[in-house]
Structure formats: structure tokens, C-alpha cells
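Please look over the structure below.

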Amino acid sequence: MALHERPCDILSLLCGHHAKIWPMEGFLDSLKISYTDHQKTTASTSAAVVFIHGFPFDRTMWSAQVSAIGASARVITYDHRGLGKSPLREQPFLFESFVDDLMALLDQLHIEKAILCGLSMGGYVALRATERHPERVKGLVLCDTKSDADPDAAKLNRHKDALLIQNEGLHAFAIQFVRRCLTANTVQTNPALVANIEAMIQRCPVQGVIGTLVALATRTSTTDSLSHIKAPTLILVGDQDAITPPSASQMMKERIPGSVLTVIPQAAHLSNLENPHAFNTAFLRFLQSLSR
Ligand code: MLT
């Protein structure tokens, strides 16, 4: 599998042969997955945390977590196929392809076992990856997500969203969607964050967003497998999350053995962006517990 890695080339030359400068952007040719390896050490013992973004965002949504966690672990962020800088490939594709992509990325980066942290759609991917490949999961952080499949009404809403994008464009969708994801208070008091998320959505390829809506409608439930999860699990949810509400997190907590649930105050569906301090504090505490 061909892999293009792009460390800081000039410094690399100055430092000699195989010096790598972090963070390093990479692109998996065969999968067309764009990623960043934020690793600062090549120590094979350091834990690898793979952040899996939600729909329809990109890996930049994890910036505050990369800054907070980067010193404690090797951090990988990537863009799902058809979103961010990962171009759309063959259409149609099913939800399972997102899990295949994640596994191929782990293989390519020689990560045997990872701590998977997924938000919303990223959490769906992390849950299915844990069900299909439990031996690859060292820890699980499930943020603003759920294990149940979409009810019919949610599938029909995906159709409405696809029509909105087709007829009025990503801009119209972004304006609506961002307001579903954030608390009213954040929308009023943090216009910079609102603009940042809207821009993130609009940077995605239009057909990629529509293709992802279709693929999300093919997701099946992982609820029955929750009680088999062996990896230490942290569940995070914004106290005002209306898309994947705290009740869904509470249900997962009751089923995943030994899992811990932390409710993030003053946050809705994008808890890592709305209250990064509370989110990062809980995350770092979890990471420390894993290394003990
Ligand atoms: C997300 O944030 O990933 C989406 O809201 C998930 C979904 O639409 O089910």
C-alpha cells in the first residue's frame, strides 16, 4: 500500500536521513484517507489515541484535544472518506466502510491497539470497530453518541437533509445543522465557534456529505454488543445534547462493564468544542487511569 508522508522536508534534510518532524500529515493512497500523526516520540510504548470525528466535520474539530493530550500520548486524527481532506471514492458505500478505513489506517501506522475516541458518528465507528475487532481496542471514549440504530424518523430526516444540500447547497445545511448541535447560549455568545464549524462543514465535498448521509442510514445497532466490551470505557455527553441525548449515554453506561459516564455542563452535541476544559479534564483523567 503506497503511503505518502509529509514531515517537514527541509528540517528533515538538515537533520539527516530519517528524521521526522511532528506533526506529520499523511495520505493513504489506496484508501484516499488524509490523516495527521501528531506523535512527538517514536517510543513504541506510548499509547496511541485515534480521534474519530463526527458528521459532517473534519479532523480539525479535535484541535483543543490534540493540544491538551498531545504531550501524554501519540495522537492520530484523520478525515473520514468524503469529508474534510479525504476525497470521495466509489459511491455508494455502506457504514461498515468507515470501520474498514479505520482498521486500514491502524495497520498502516503499525498501531496494534489504540484508544479510540469518537464523537457522534465517530462514536458509531468506534463502537462498531470494538464489536468487530475487540483485540485492537485498548480504551474507548464515546462522546455524544449512541449505540442504537437510527429510528425510521431519523432516516427520513437524512433524506430531507440530502435534499436541502442538493437544492440549496452546503451553506444552507451548515447554518441549520450547527444550530441543532450547539446550545442556544453558545450560538449567541460564541459567533467565532459557530463560524468555524460552519466553515468546516462547507469545506467538505458536497457529494461526500450526501454519500455519508446515505451510509449513515445503513448503520445497524451495536447495543447488543455493549455488554461484551472489555476495554476500559469513558462516556462523555453534553448536558444539553438533543441529537444523542444523555439518556442514550446513560443506557450505554449501564451496559458497558465498568464504564464511567461524565456529563459535560454547558454543552450540547459538540461537547469537546463547547466546553473543552471539562472535556479535556475528563479525558486526561481517563488516560491517566489507563496508564496505572
Ligand atoms: C454527528 O454529529 O456525527 C451526527 O449528528 C450523527 C448523526 O447524524 O447521526
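S120 is buried, because its relative accessible area is 7%. Buried means under 20% relative accessible area, exposed means over 50%, and partly exposed lies in between (1.4 Å probe, protein chains only). S120 sits in the loop between β6 (114-119) and α4 (121-132). Helices (H or I, at least four residues) and strands (E, at least two) are DSSP runs, numbered from the N terminus. The phi of S120 is positive, about 50°, although S120 is not a glycine.

D144 also has a positive phi, about 40°, and is not a glycine. Its loop runs between β7 (137-143) and α5 (152-168). D144 counts as buried, at 0% relative accessibility. Most residues other than glycine have a negative phi, and most peptide bonds are trans.

## Basis of the model

This is a predicted model: local features need pLDDT of at least 70, side-chain atom pairs count only at pLDDT 80 or more, and totals for chains, interfaces and linings use all residues. Residues are numbered from 1 along each chain as its sequence is written, and side-chain values use heavy atoms, with hydrogens and water left out.

## Cis peptide bonds

F55 and P56 are joined by a cis peptide bond, with omega near -10°. P56 lies in the loop between β4 (48-52) and α2 (63-69).

The bond from Q91 to P92 is cis too, with omega about -10°. P92 belongs to the loop between β5 (74-78) and α3 (96-108).

## Overall fold

The protein chain holds 12 helices and nine strands. Its radius of gyration is 18 Å, close to the 19 Å that the globule rule gives for 292 residues, so the chain is as compact as a globular protein of that length. The radius is taken over C-alpha atoms, and the rule is 2.2 Å times the number of residues to the power 0.38. Along its principal axes, the C-alpha trace spans about 55 × 45 × 40 Å.

Take contacts between residues at least 6 apart in sequence: 74% of them join residues at least 24 apart. Contact means heavy atoms within 4.5 Å.

## Core

Buried residues make up 53% of the 292 residues. The largest nonpolar core has 88 residues, and L102 and L116 touch the most other members. Such a core is a set of buried Ala, Val, Leu, Ile, Met, Phe, Trp, Tyr and Cys residues joined through side-chain atoms within 4.5 Å. In soluble globular proteins, nonpolar side chains tend to be buried together.

A231 is in the loop between α9 (206-216) and β8 (233-238). At 9% relative accessibility, A231 counts as buried. Not counting residues up to four places away in sequence, A231 touches V137, K138 and G139. A231 and T262 are 31 residues apart in sequence and 17 Å apart in space, C-alpha to C-alpha.

H171 is in helix α6 (residues 170-181). H171 is partly exposed, with a relative accessible area of 43%.

## Surface and charge

The accessible surface comes to about 12,800 Å², of which 56% belongs to carbon and sulfur atoms. Areas come from the Shrake-Rupley method with a 1.4 Å probe, and for residues only the protein chains shown count as cover.

The chain has 27 positive and 27 negative side chains, and the centres of the two sets lie 3 Å apart. Lys and Arg count as positive and Asp and Glu as negative, while His and the chain ends are not counted. A charge is placed at NZ of Lys, CZ of Arg, CG of Asp or CD of Glu.
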